[in-house]
Amino acid sequence: MPRSLDLDDFRSIRQVLEPSDFAGSDDLPDPPPTDLVDRDTWFSIVRLPDDVAVRTSSYQGVGVKLLDDLWCRFVESVAMEDQDILDEVLLDAADDFQGAVFNALCGYYRLAFTSLRSVVELIAIGADAHLSGRLGDYEKWRTGEVEASFNLACQGLSGSGHLQTLKNHLQNKLSDSLFDSKQPDKPPGWARRLYKTLSNYAHSRPGYTDADARESNGPIYVPETFDAAVCMHTEVAALAFIMVKLARPGVVLPGGDKLFLEEHHALPEIARETWRELQK
């Protein structure tokens, strides 16, 4: 039978924000509930994910903190004033990244990876538009008038004259690239490889479903899958920060250097090498 957490465990009591906690609030108190959900429905929805969240945070505190720190860096990367197109996609990507963190905490692992796919896609589109100066096309995409895609963004970034020096360096040193498409004699670039892996989860391909990860029809805590989620979140954050740095060479990313330290074993060498070059 389910049991309540001890009251001395800070996770046992739910908290809600006051109206004054929201920007632009009129500080008026919330009205009383007018259509309160019944108890059975509430627990039918939250009991399993609550259980997973408690178990995950009991044994994966370091990983949970890392993911939350990475989300905070996304938010801190957004300019407070004079926001441009890159800030717009960063705000959307930050929401997706936070959703990915929450889903991983609660055992919805496939949904976490699917949200990370959106992070990569959004920032690639924003970085390409920022570097190319095609602001009109970007605005039309935001209003639904034209199509934009990760593939087109990668094509634009790969062919950008601003990135040719970096592209040549990575090819000469690692025989690798960031955004190149697959060729008969070489694999696709890192961003495309990562996006393909995330797409496997987004499309629930065999071997990439929640059932494959947990062998259960509902969320449960699977330590090795959460470990994989931490690695994937870290790699996605690294690629996202690199794309922001490519678009804004002079930007100083909050805590950016820490992400690329050697102890982050999830990062491929191309991530570290790219970051080193961008600091020069």
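1. A cavity here is a set of points, on a 1 Å grid over the protein atoms alone, where a 1.4 Å probe fits but cannot get out, and a lining residue has an atom within 4 Å of a point.

2. A word on what you're looking at. This is a predicted model, in which local features need pLDDT of at least 70 and side-chain atom pairs count only at pLDDT 80 or more, while totals for chains, interfaces and linings use all residues. Residues are numbered from 1 along each chain as its sequence is written, and side-chain values use heavy atoms, with hydrogens and water left out.

3. How many cavities of 30 Å³ or more are there in the whole structure? The search turns up two. The largest one holds about 80 Å³, and its lining is made of Leu-157, Ser-158, Leu-163, Leu-166, Lys-167, Leu-170, Ser-177, Leu-178, Phe-179 and Asp-180. Two elements give two or more residues each to that lining, helix H6 (150-158) and helix H7 (164-174); helices (H or I, at least four residues) are DSSP runs, numbered from the N terminus. H7 gives the most, with three residues. By class, the lining splits into six nonpolar, two polar and two charged residues.

4. Asp-180, one of the residues lining the largest cavity, deserves a look of its own. You'll find Asp-180 in the loop between H7 and H8. Leaving aside residues up to four places away in sequence, Asp-180 touches Ser-158, Lys-167, Lys-186, Pro-188, Gly-189 and Arg-192, a contact being heavy atoms within 4.5 Å.

5. Phe-179 also lines the largest cavity, and Phe-179 is among the residues with the most contacts inside the largest nonpolar core, along with Phe-74, Ile-123 and Trp-190. That core has 72 residues; a nonpolar core is a set of buried Ala, Val, Leu, Ile, Met, Phe, Trp, Tyr and Cys residues joined through side-chain atoms within 4.5 Å. Helix H10 (residues 223-247) supplies the largest share of this core, 15 residues. Again skipping residues up to four places away in sequence, the partners of Phe-179 include Cys-154, Leu-157, Met-243 and Leu-246.

6. Now the open spaces. A pocket is an open set of points with protein on both sides within 12 Å along at least five of seven lines. The largest pocket holds about 1500 Å³ and is lined by 37 residues, with Leu-5, Arg-11, Arg-14, Asp-50 and Val-54 nearest its centre. Helix H1 (39-59), helix H2 (61-76) and helix H3 (85-106) each supply at least two lining residues, and H1 gives the most, with 15 residues. The lining counts 20 nonpolar, seven polar and 10 charged residues.

7. The second largest pocket has about 210 Å³ of space. Of its 14 lining residues, Asp-128, Arg-134, Asp-137, Glu-147 and Ala-148 are the closest to its centre. Helix H4 (109-132), helix H5 (135-142) and H6 each give two or more residues, and H4 has the largest share, with four.

8. Last, the rings. There are eight aromatic pairs, counted when rings of Phe, Tyr and Trp (its six-membered ring) have centres within 6.5 Å; planes under 30 degrees apart are stacked, over 60 edge-to-face, and the rest tilted. Phe-113 and Tyr-201 make a tilted pair, 4.2 Å centre to centre with 40 degrees between the planes. Phe-113 sits in helix H4 and Tyr-201 in helix H8 (residues 190-202), so the pair ties together parts 88 residues apart in sequence. Phe-113 and Tyr-201 are both buried. Phe-260 and Trp-275 are stacked, because their centres lie 4.4 Å apart and their planes are at 10 degrees.

Note on methods: Points joined across faces, edges and corners; volume = space filled by probe spheres on them. Nonpolar A, V, L, I, M, F, W, Y, C, P; charged D, E, K, R; others polar. Buried < 20%, exposed > 50% of the residue type's maximum accessible area, 1.4 Å probe, protein only.
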